[in-house]
Amino acid sequence: MTNINLLKPNKENLNLFVILGALFFCLGIFDFCLNNFYGKNITSFLPGFISFFTPVIFGMFGLYLIRIEFSGIKLLDNLNKNINTNNFNAALSIGIIILIIFSVAPLLNWFILDATFIGDSKEACTGEGACWVYIKTWFNRFMYGMYPNAEQWRVNTTFILVLVLMGAGYFFPLRYKKYLTFYYVIILPIISFLLIYYLISGGEFGLEWVETGAWGGLSLTFIVSFFSLIFCFPIGMMLALGRRSDLSVVKYSSLSFIEFWRGVPLITVLFMSAVMFPMFLPDGTYVDKLIRVIVAITLFEAAYTAEVIRGGLQALPRGQYDAAKSLGMGYWKLHLLVILPQALKLVIPGIANTFLALVKDTPLIFVVGLLELVGMLNLAKTNPKWLGFSMEGYVFAGIIFWIICYSMSKYSQSLELKYKTDR
Amino acid sequence: MKLKKILPQFFTLLFILLIFGFFTMNAQENMDTRGIEFGFGFLKQEASFDIQFSLIDYDGSMSYARAYLVGLLNTLLVSFIGIILCTLLGAVIGVARLSPNYLIRKTASFYIEFFRNIPLLLQIFFWYFAALRALPMPEDAPLLFGSSFMTIKGFYTPAPIWNNFDVFMISLVLAMIVIYFFNKFAQKKQEEEGKQYPKFLISLGIFVLLPALTFIVGGVDLTWSFPVLKQLALTSFTYEGGLGIPPELIALTLALTLYTATFIAENVRAGIQGIGKGQKEAAASIGLTPSQVLKLVIMPQALRIIIPPTTNQYLNLTKNSSLAAAIAYPDLVLVFAGTAMMQTGRAIEIVGITMATYLTISLTISLFMNWYNKRIAIQEK
């Protein structure tokens with residue numbers, strides 16, 4: 001056996017170095033865990049400063065030992081290439097690993113291990129962790145707001161019906177495909193509105209009337225975003241076309257409309273709809289709060305949608321316009337048949353981002369006194385029987401919003417790939 | 001042919017005029033019945049409400065105009081801090097997203113996916129009502145960095161007390177002017193003779209030395225006022241002296257920074273990825289060091305891609321700072337569109353002024369960024 005220099009890892013003694021390196025690496029992690037979670041310092045014989053950094057030193061030395069190029073072991077090569085290219089990278093990797101262990105362990109404890117799941121009152125929560133009983137008790141309120149418990153089937157039925165109607169577009173016979181846009185832009189909103197009006201709001205057909213002030217929770221988030229989404233799209237499209245129009249009055253009025261809404265925060269727009277707008281209507285007319293909010297959000301988001309669509313219109317080559325004109329198409333025909341179908345494909349990611357922003361903006365409607373999910377959380381938090389559980393509430397809402405937004409953004413990415421046409 | 005152009009314009013105009021006319025007429029009527037007269041005279045009246053946190057002197061006996069100014073400055077303060085912090089964080093995360101290290105890349109993208117998909121308002125609430133509420137009471141707060149305290153009532157840190165502060169400021173401005181001319185001179189020398197000065201080091205030296213000199217000759221002097229625990233009642237404590245940063249400001253800045261940084265990180269990533277590989281290789285092949293490649297070749301080009309969308313994010317941050325109203329940080333919306341409007345009942349004027357202010361801020365930032373963008377754009381000859 002030739003003499004081995006432990007500080008120069010080489011391929012000849014691969015196994016020795018891999019085992020030694022893994023040993024040192026594990027020692028580093030072990031040291032860190034002991035230090036952090038059990039309060040034991042196995043390196044306390046060293047001076048304080050060095051003892052503090054021993055996990056990093058051990059880990060780095062371990063990674064240094066296994067940094068052997070072209071070892072022939074696939075796993076080791078991949079590992080070296082991805083997290084262990086040089087000393088600096090190794091230090092960063094160890095830092096991240098330590099950070100992950102440091103943050104995941106307490107989170108896991110709080111979420112699951114120390115949490116309380118069973119019970120129906122505050123007294124059940126004695127553990128250190130989260131009190132999911134709180135969410136369980138308030139679940140109906142978080143989902144439906146102040147909507148009477150006995151009537152909540154109406155909200156569920158409406159949502160299921162609307163979802164079915166939305167999905168129905170997929171199953172249109174080929175013959176009627178050309179009416180799809182018409183269906184989504186005009187028929188679906190009307191049916192949904194009627195459903196919501198008669199089923200959720202009630203007051204007819206023997207259903208109890210529930211005022212919009214009692215609506216709330218996550219279902220209100222869906223109602224507000226659904227209508228704002230449906231209405232802001234056509235308005236945004238008109239504004240985008242208006243902004244690129246040759247007619248100067250149309251152009252500048254669209255431009256100033258867009259710039260105005262884009263220049264102010266949504267919260268002031270909602271303030272406007274709450275306190276300023278009633279002043280602009282004839283005395284005695286009353287427009288429902290919810291409708292005012294939906295109109296405000298629609299106009300606000302329409303300005304953003306318009307800018308996104310304009311980007312798509314600008315990205316189309318001039319030749320498309322010229323070609324369509326040379327076929328004798330007029331303004332509307334040209335835009336509806338040639339320009340918009342292509343431009344809209346280009347702006348799918350942008351539109352999806354605007355819609356995402358809209359969903360994330362809905363909690364702001366607390367300004368006018370409508371309480372959707374986040375608003376309900378703030379209400380529940382102040383209930384004297386359930387003080388001190390704000391963390392659970394916000395985490396719960398965060399998870400719900402995260403799932404909604406993340407799946408929307410992933411869906412938009414898949415749409416983008418699907419509609420990608422090469423030019 | 002001409003009619004086809006005039007008619008749509010005419011109808012648009014008519015439509016707009018009719019709506020405005022209808023609104024104005026109703027507003028006039030409504031105000032008459034309520035006995036209010038449209039006007040901005042109320043701005044001079046006494047505000048008679050207090051504001052928790054103010055950058056300038058303010059108390060209840062001052063006018064509504066002064067209260068407006070306090071709110072505006074608070075909005076600008078949080079936007080300014082937020083913009084600086086989120087730029088730094090966003091740049092770091094954006095670069096980390098492209099790191100060759102798998103763990104760093106994944107951590108960065110986890111951060112981005114996590115924070116951008118949760119509503120900002122929820123994040124603000126989380127930091128303010130859940131995270132910061134878990135901090136210790138003033139009397140139990142541990143000492144941080146030897147002189148600061150992080151408590152449930154805010155962050156207390158030593159405040160500088162200046163003597164002859166204006167001399168110090170003048171020296172700072174002077175230093176900047178000197179640095180500007182020095183850089184111009186160094187640039188010229190490099191172009192003419194190919195001689196390179198260590199520009200950054202010399203600039204830094206001037207920037208530190210010149211103001212430091214004023215301590216010796218200008219009579220400037222700096223002492224620190226430390227926060228001291230004070231008992232208000234049997235169980236109520238607070239800190240006196242020093243600089244107290246209210247928890248509202250901390251929560252708001254934290255949430256705005258973490259949220260906006262995700263978008264800026266994506267911009268930075270897109271900007272760096274937008275530069276062709278050939279650029280890096282070409283720069284390396286003429287013998288530039290990696291840091292020179294980044295500084296002279298990659299960044300100037302990447303910035304052109306990064307700046308326009310980042311400007312948008314700055315504007316969004318400024319507008320989003322209005323969410324402050326939800327946690328009672330006294331910003332423009334809370335002070336003016338909230339309290340002042342409740343007291344005066346002048347909905348139209350106050351909401352109008354608030355919106356006009358945000359419009360002005362937005363337009364100013366975008367004008368400035370357009371100017372900057374033009375300056376660094378490719379100068380085609």
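The model is predicted.

Chain A is built from 16 helices and zero strands. Its C-alpha atoms fill a box of roughly 95 × 70 × 45 Å along the principal axes. The radius of gyration of chain A is 30 Å, whereas a compact globule of 423 residues would have one near 22 Å. Of the 423 residues in chain A, 33% count as buried.

The contact between the two chains draws 41 residues from chain A and 46 residues from chain B. On the side of chain B, the elements that give two or more residues are α1 (2–34), α3 (102–116), α4, α9, α10 and α11 (347–376). Helix α1(B) gives the most, with twelve residues. By class, this side of chain B has 30 nonpolar, twelve polar and four charged residues.

One helix pair spans the two chains. Helix α10 of chain A (residues 266–276) packs against helix α10 of chain B (residues 332–344). The angle is about 10°, and the axes are 11 Å apart. An angle under 35 degrees counts as roughly parallel, and α10(A) and α10(B) are therefore roughly parallel to each other. From α10(A), the contact uses A:Ile267, A:Thr268, A:Phe271 and A:Val275. From α10(B), B:Val333, B:Ala337 and B:Met341 take part. The residues of this contact divide into six nonpolar, one polar and no charged.

Helix α4 of chain B (residues 120–131) is mostly covered, with nine of its twelve residues buried. The buried residues are B:Leu120, B:Leu121, B:Leu122, B:Gln123, B:Ile124, B:Phe125, B:Phe126, B:Trp127 and B:Tyr128.

An unreviewed UniProt entry places the feature "transmembrane region" at several spans of chain B: residues 67–93, 114–135, 165–183, 204–229, 249–268, 323–344 and 350–372. Two of these spans were examined in the model. Residues 249–268 of chain B are 100% helix and 0% strand, and the end C-alpha atoms lie 27 Å apart. Over residues 204–229 of chain B, the chain is 54% helix and 27% strand. The end C-alpha atoms of residues 204–229 are 38 Å apart.

Note on methods: Residues numbered from 1 in each chain as written. Chains lettered and ligands numbered in written order. Predicted model: local features only at pLDDT ≥ 70, side-chain atom pairs only at ≥ 80, totals over all residues. UniProt positions renumbered as here; feature names shortened; annotations may be inferred. Helix = DSSP H or I, 4+ residues; strand = E, 2+ residues; numbered from the N terminus. Buried ≥ 20, exposed ≤ 12 C-beta atoms within 10 Å, placed from the backbone. Axes fitted to C-alpha atoms, helices over the stretch in contact; angles between N-to-C directions. Parallel < 35°, antiparallel > 145°, perpendicular 65-115°, else oblique. Contact = placed C-beta atoms within 7 Å. Nonpolar A, V, L, I, M, F, W, Y, C, P; charged D, E, K, R; others polar. Rg over C-alpha atoms; globule rule 2.2 N^0.38 Å.
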